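Take a look at the fold below.

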Amino acid sequence: MLPGKWARYGLALATSMWLSATPLVTAQPTSLAPNVIAPSGETSVIRNQLTMARKLEKQALEGVMAIPGDNSTHIDPTSLQAARDAYVLMRAARHGLNWRREARKFPDPILDLVFKRVEDAWNLSRTPVDRTGYGPVDYAQMSIRDMTQAIRLLDQALTLLQ
């Protein structure tokens with residue numbers, strides 16, 4: 001019995017040492033207050049999150065569109081932060097919508113449409129956040145395409161939520 005006990009302690013020690021040496025994965029850095037990005041199943045909160053996400057995505061899009069076509073400048077940090085904040089807001093709204101979907105006894109096709117559009121916009125909003133390693137021209141082309149589509153999807157979701 002004693003060797004098994006020591007083996008478990010050894011395994012626990014090895015695991016804790018491995019975890020302390022492994023860098024932790026962090027969420028997207030955001031400049032928004034925690035209460036703004038907290039998921040909620042309330043329609044008004046979801047609508048506010050999506051409205052704010054749309055505004056920030058549009059702000060980020062304008063900054064990306066200002067990148068000259070000659071690779072001479074870097075990505076504007078303010079635009080990048082706006083894109084990150086929009087992504088975080090879409091993620092929170094998506095989470096709240098999913099809670100609402102799971103809480104329903106019967107399917108709601110409108111809620112499913114809203115969820116699908118928010119999920120698609122959320123996935124598209126990853127481009128300007130995750131592709132910063134590309135050259136400014138390639139980054140701008142991909143980001144403009146995906147952010148424009150994400151804004152269209154957010155517009156549709158907001159229209160359906162009313």
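In which helix is Arg-101 found? Arg-101 sits in helix H3. Helices here are DSSP runs of H or I with at least four residues, strands are runs of E with at least two, and both are numbered from the N terminus. This is a predicted model, in which local features need pLDDT of at least 70, side-chain atom pairs count only at pLDDT 80 or more, and totals for chains, interfaces and linings use all residues. Residues are numbered from 1 along each chain as its sequence is written, and side-chain values use heavy atoms, with hydrogens and water left out.

Stay with Arg-101 for a moment. Its relative accessible area is 31%, so Arg-101 is partly exposed. The scale is simple: buried means under 20% relative accessible area, exposed means over 50%, and partly exposed lies in between (1.4 Å probe, protein chains only). Leaving aside neighbours within four places in sequence, Arg-101 is in contact with Leu-111, Asp-112 and Phe-115. Contact means heavy atoms within 4.5 Å. Arg-101 and Asp-112 are 11 residues apart in sequence, and their C-alpha atoms are 7.5 Å apart in space.

Now step back to the whole chain. The protein has six helices and zero strands. Along the sequence the pattern reads α-α-α-α-α-α. Of its 162 residues, 33% are buried. Among contacts with a separation of 6 or more, 76% join residues 24 or more positions apart.

How do the helices pack? Two packed helices are described by the angle between their axes and the distance between the axes. Axes are lines fitted to C-alpha atoms, for helices over the stretch in contact, and angles run from 0 to 180 degrees between N-to-C directions. Start with H4 (residues 109–124) and H6 (residues 136–161). Their axes come within 8 Å and cross at roughly 160 degrees. H4 and H6 are therefore roughly antiparallel to each other, a label for angles over 145 degrees. Their crossing is left-handed, which means that the near helix is turned anticlockwise from the far one by less than a right angle.

The contact of H4 with H6 divides into 12 nonpolar, two polar and three charged residues. Ala, Val, Leu, Ile, Met, Phe, Trp, Tyr, Cys and Pro count as nonpolar, Asp, Glu, Lys and Arg as charged, and the others, Gly among them, as polar.

Asp-146 belongs to helix H6. Is it buried or exposed? Asp-146 is buried, with a relative accessible area of 8%. Beyond residues up to four places away in sequence, Asp-146 touches Leu-124 and Thr-127. Asp-146 and Ala-121 are 25 residues apart along the chain, with 8.4 Å between their C-alpha atoms.

H6 has another partner, H2. These two pack at about 155 degrees, with axes 9 Å apart. H2 and H6 are therefore roughly antiparallel too, and H2 passes H6 in a left-handed crossing. Their contact has 17 nonpolar, four polar and five charged residues.

Finish at the core. The largest nonpolar core holds 38 residues, and Leu-50, Met-90 and Leu-97 touch the most other members. Such a core is a set of buried Ala, Val, Leu, Ile, Met, Phe, Trp, Tyr and Cys residues joined through side-chain atoms within 4.5 Å. Helices H2 (43–65), H3 (77–103), H4 and H6 each supply at least two residues of this core. Setting aside residues up to four places away in sequence, Met-90 touches several residues, including Ala-53, Val-118, Trp-122 and Leu-154.

Methods: Parallel < 35°, antiparallel > 145°, perpendicular 65-115°, else oblique.
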